[in-house]
Amino acid sequence: MHPDELTLNEYADDALTGAARADVERHLAACAACRGLVDDLRAIASAAATLTPVDPPAAAWTRIAEALQEA
């Protein structure tokens with residue numbers, strides 16, 4: 001059984017520890033598809049880390065605040 005996408009994301013982000021990490025590593029040793037997905041996730045994270053932060057427009061904060069009040 002394949003780990004779910006959240007678990008693979010957490011593995012790629014080095015957020016799993018102990019038994020959960022070991023379980024994923026055992027699975028990756030036998031599953032090329034999941035290894036490829038983890039490689040892709042790590043490549044995306046690496047590329048995103050090179051981006052320059054951009055401040056959102058002021059109106060975005062207003063829309064966020066309104067959406068939170070409606071929730």
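Predicted model: local features only at pLDDT ≥ 70, side-chain atom pairs only at ≥ 80, totals over all residues.
**Entry 1: two helices in contact**

I began with helix α2, which covers residues 18–30, and helix α3, which covers residues 32–49, and I found that they pack at an angle of about 115° with their axes 6 Å apart. On the α2 side I listed Arg21, His27, Leu28, Ala29 and Ala30 as the residues making the contact, and on the α3 side I listed Ala32, Cys34, Arg35, Val38 and Arg42. When I sorted this contact of α2 with α3 by class, I wrote down six nonpolar residues, one polar residue and three charged residues.

**Entry 2: salt bridges**

Next I asked how many salt bridges a search of the whole structure finds. The search gives four, and I followed several of them residue by residue.

Aspartate 14 forms a salt bridge with arginine 21, for which I noted 3.3 Å between the closest N and O atoms. Arginine 42 also forms a salt bridge with aspartate 14, and here the closest N and O atoms are 3.9 Å apart. I marked this second pair as a link between distant parts of the chain, since arginine 42 sits in helix α3 while aspartate 14 sits in the loop between α1 (5–12) and α2, 28 residues apart. I then looked up how accessible the two partners are: aspartate 14 counts as exposed because its relative accessibility is 54%, whereas arginine 42, with a relative accessible area of 33%, is partly exposed.

Aspartate 23 counts as partly exposed at 44% relative accessibility, while arginine 26 is exposed, its relative accessible area being 56%. Elsewhere, I noted that salt bridges with shared partners join Asp14, Arg21, Glu25 and Arg42 into one network.

I then turned to tryptophan 61, which I placed in helix α4, residues 58–70. Is tryptophan 61 buried or exposed? With a relative accessibility of 53%, tryptophan 61 counts as exposed. On the surface, Trp61 forms a nonpolar patch with Ile64 and Leu68, and together they have about 360 Å² of accessible area.

Alanine 59 also lies in helix α4, and at 39% relative accessibility I recorded alanine 59 as partly exposed. Finally, I compared its position with that of alanine 20: alanine 59 and alanine 20 are 39 residues apart in sequence, and their C-alpha atoms are 42 Å apart in space.

Terms used: Residues numbered from 1 in each chain as written. Heavy atoms only, no water. Patch = residues over 30% accessible without salt bridge, like charges linked within 9 Å, V, L, I, M, F, W, Y side chains within 5 Å. Areas by Shrake-Rupley, 256 points an atom, 1.4 Å probe, with all protein chains shown as cover. Salt bridge = Lys/Arg side-chain N within 4 Å of Asp/Glu carboxyl O. Helix = DSSP H or I, 4+ residues; strand = E, 2+ residues; numbered from the N terminus. Buried < 20%, exposed > 50% of the residue type's maximum accessible area, 1.4 Å probe, protein only. Axes fitted to C-alpha atoms, helices over the stretch in contact; angles between N-to-C directions. Contact = heavy atoms within 4.5 Å. Nonpolar A, V, L, I, M, F, W, Y, C, P; charged D, E, K, R; others polar.
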